[in-house]
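Colleague: Could you walk me through how to read metal sites and salt bridges in a model like this one?

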Amino acid sequence: MDTERFINIRRQLHQIPEPGFEEFKTQQFILDFISGLPQERLNIQTWKTGVLVRVAGLNPRKTIGYRTDMDGLPIFEETSCDFASVHNGYMHACGHDLHMSIAIGLLDYFVKHPVDDHLLFIFQPAEEGPGGALPLMQCKEFQTVKPDMMLALHIAPEYPVGTVAVKKGLLFANTSELFIDLKGKGGHAAYPHLSNDMVIAASHLVTQLQSIVSRNIDPLDSAVLTVGKITGGTKQNIIAETARLEGTIRTLSSASMVKVKSRIEALVKGIEASFECEAAIDYGANYYQVFNDEELTDEFISFLKTEKPAEFYHCREAMTGEDFGYFLKDIPGFMFWLGVDCDFGLHHSRIEPKEEAIPVALRTLSAYIEWKATSQ
Ligand SMILES: [Zn+2]
Ligand SMILES: [Zn+2]
């Protein structure tokens with residue numbers, strides 16, 4: 001495989017990061033690449049800014065799906081790359097440029113080396129929000145080529161190049177955004193009895209929210225509830241008429257996510273009653289957990305140990321979120337970490353993943369898919 005070519009493609013994609021569902025240039029780039037491939041075995045569909053490409057198998061019994069995300073993040077790039085983003089204020093800071101170049105490399109390989117089964121390459125918009133996986137799965141374009149198993153990877157800055165880390169079962173948490181708006185009655189700071197002060201109500205609410213994880217969740221089933229931002233009021237001598245809390249919820253089980261939300265709603269009702277105000281809760285973007293199929297993951301691990309296309313690390317679950325979880329809720333498969341060894345973490349303005357990880361991923365996945373799509 002000409003891996004230099006796919007490293008170069010990654011650099012071109014790195015320069016054009018776009019927000020979720022606005023990946024217009026990215027989509028065109030992918031379509032242009034596909035148009036340069038032999039077309040006989042290809043079925044190409046677009047959905048919003050996404051692309052679905054099926055490579056027809058020689059003797060198909062099933063379809064193996066491979067998904068990459070496509071979107072960038074609203075971050076000013078601060079790397080030393082000479083191929084830095086030309087979209088000011090946007091950056092591929094979560095490795096989706098590497099994910100796409102790997103998908104393109106695999107697509108190129110399998111068009112030229114077809115296997116028995118059908119392969120479906122899914123270029124999915126809006127992973128960082130509002131979430132493209134769930135609506136993509138519901139579209140008719142996907143339903144007509146729906147795979148029987150699903151694969152994906154995510155770059156991991158903390159692991160060395162040459163490694164692949166995975167575990168069966170839960171890999172990533174259930175996540176939800178949290179926005180709570182409180183509306184009371186403003187007034188003069190010296191006449192509190194004529195107002196309903198939302199700074200006081202918000203303060204009580206933030207404190208009460210801390211009781212959910214400590215008192216309502218099984219200590220062996222972890223959860224996180226973080227309020228990262230509070231805004232309220234207008235001036236030091238005016239009683240605040242409104243306040244807003246912004247936060248995030250992370251849980252290891254989907255049952256705990258339901259529990260946390262029902263407790264938030266109960267506490268907010270209490271705040272409305274005790275501080276005579278109105279409250280509105282918005283959960284924003286929600287991602288279902290990433291749960292790796294036990295049998296397929298075990299099989300992948302034995303493949304890694306026997307064939308050694310990359311070194312295998314056993315990882316723990318993480319409180320991060322990924323909308324690939326929606327694919328795995330419906331279709332068996334797994335996601336794994338690809339070591340890219342860098343000092344800065346995901347979503348950091350200075351992250352520089354090592355590109356030598358691209359050939360590692362291409363080698364690992366082409367060998368695994370080739371085996372999986374012909375041997376059984
Ligand atoms: Zn991300
Ligand atoms: Zn990501």
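Modeller: We'll take the metal sites, then the salt bridges. Keep in mind that this is a predicted model.

Colleague: Fine. Which protein atoms are the donors of the zinc ion (ligand 2)?

Modeller: The idea is to look for N, O and S atoms within 2.8 Å of the metal. Here that gives C94 (SG), H96 (NE2) and H154 (NE2), at 2.1 to 2.4 Å. Along the sequence, these donor residues follow the spacing C-x1-H-x57-H. Water is not among the atoms, so a site may look incomplete.

Colleague: How far apart are the two zinc ions, and which residue bridges them?

Modeller: They lie 3.2 Å apart, with C94 as the bridge. C94 sits in the loop between β3 and α3, while E128 is in the loop between β4 and α4, 34 residues apart, so this pair links distant parts of the chain.

Colleague: Are C94, H96 and E128 buried or partly exposed?

Modeller: Buried means under 20% relative accessible area. C94 comes in at 6% and H96 at 0%, so both are buried. E128, at 25%, is partly exposed.

Colleague: On to charges. How many salt bridges are there?

Modeller: The test is a side-chain nitrogen of Lys or Arg within 4 Å of a carboxyl oxygen of Asp or Glu. The count is 18. One of them pairs D323 with R67, at 2.8 Å from N to O. Those two are 256 residues apart: D323 is in the loop between β16 and α9, and R67 is in strand β3. Both partners are buried, D323 at 0% and R67 at 1%.

Colleague: Where do K183 and E241 lie?

Modeller: K183 is in strand β8 and E241 in the loop between β11 and β12, 58 residues apart. Their salt bridge has its closest N and O atoms 3.0 Å apart. K183 is partly exposed at 41%, and E241 is partly exposed at 36%. Elsewhere, salt bridges with shared partners join R10, R11, D97 and E355 into one network.

Methods:
Residues numbered from 1 in each chain as written. Chains lettered and ligands numbered in written order. Predicted model: local features only at pLDDT ≥ 70, side-chain atom pairs only at ≥ 80, totals over all residues. Heavy atoms only, no water. Buried < 20%, exposed > 50% of the residue type's maximum accessible area, 1.4 Å probe, protein only. Helix = DSSP H or I, 4+ residues; strand = E, 2+ residues; numbered from the N terminus.
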